[in-house]
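Please read the following report alongside the sequence and the coordinates. It concerns the packing of one chain.

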Amino acid sequence: MLLGNLKRVQGKIQISGKISFFPEKLFFLKDTVKENIRFFNRNISNIEIEEIYNEFGLNIDLRFENELNTMIDDESKFTKSVLKRICLARCLSSDADIYILDNPFEDLSDEYQQVVERRLRFLQDKSKTIILSSRHLFASSKNDLILIL
């Protein structure tokens with residue numbers, strides 16, 4: 001409902017601010033890795049892009065390609081893990097007020113799960129709203145509410 005994908009039956013939803021979304025079904029621009037990361041934050045600097053690119057280990061996985069200038073024109077050229085980390089980098093580097101992440105930890109190694117957790121804690125420290133759907137329990141002293149279904 002927050003993203004407009006479901007019809008509201010009753011009540012009211014009011015959202016103010018920008019939303020960054022990490023969907024379970026990944027999507028990409030037919031453009032470079034760099035522009036895919038920049039998608040939610042047009043003001044992000046090249047240095048910041050490079051930092052998150054390295055933090056998610058994309059500099060290692062794409063070292064034989066054109067790195068940040070690697071074209072995402074055929075998703076089958078990339079592993080599922082690389083594609084997921086590109087999308088996570090895009091979502092978590094945006095300058096949003098609300099972050100919605102659908103299953104961000106699934107199929108990620110422990111190393112990159114920790115990167116996501118660090119990034120989420122950083123956003124919490126900046127008083128950002130985070131809505132997270134996951135089988136992975138992300139415990140933080142700053143959580144306002146955790147629902148376990």
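The report takes up the nonpolar core, then one arginine, then a helix and a strand residue.

This is a predicted model, in which local features need pLDDT of at least 70 and side-chain atom pairs count only at pLDDT 80 or more, while totals for chains, interfaces and linings use all residues. Residues are numbered from 1 along each chain as its sequence is written, and side-chain values use heavy atoms, with hydrogens and water left out.

A nonpolar core is here a set of buried Ala, Val, Leu, Ile, Met, Phe, Trp, Tyr and Cys residues joined through side-chain atoms within 4.5 Å, where buried means under 20% relative accessible area, exposed over 50%, and partly exposed in between (1.4 Å probe, protein chains only). The largest such core has 32 residues, and Ile37, Phe56 and Leu92 have the most contacts inside it.

Counting contact as heavy atoms within 4.5 Å, and leaving aside residues up to four places away in sequence, Ile37 touches Ile49, Ile52, Tyr53, Leu68, Ile86, Ala89, Arg90 and Ser93.

Arg90 lies in helix α4 and is buried yet has no salt bridge, a term that requires a side-chain nitrogen of Lys or Arg within 4 Å of a carboxyl oxygen of Asp or Glu. The nearest side chain of opposite charge to Arg90 is that of Glu75, 8.7 Å away. The side chain of Arg90 does, however, reach the backbone oxygen of Phe27 at 2.6 Å.

The 16 residues of α5 should span 22 Å at 1.5 Å a residue, and the end C-alpha atoms of this helix are 22 Å apart, which agrees; the expected span is 1.5 Å times one less than the number of residues. The buried residues of α5 include Tyr112, Val115, Val116, Leu120 and Leu123, and what covers its buried residues includes α2, α4, β2 and β3 (129–133).

Ile130 has its place in strand β3 and counts as partly exposed because its relative accessibility is 22%. Beyond residues up to four places away in sequence, Ile130 touches Tyr99, Leu101, Leu120, Leu123 and Gln124, and its C-alpha atom is separated by 6.0 Å from that of Ile100, 30 residues apart along the chain.

Key: Helix = DSSP H or I, 4+ residues; strand = E, 2+ residues; numbered from the N terminus. Lys, Arg positive; Asp, Glu negative; His and termini not counted. Polar contact = N/O pair within 3.5 Å; in protein donor to acceptor, adjacent residues only side chain to side chain.
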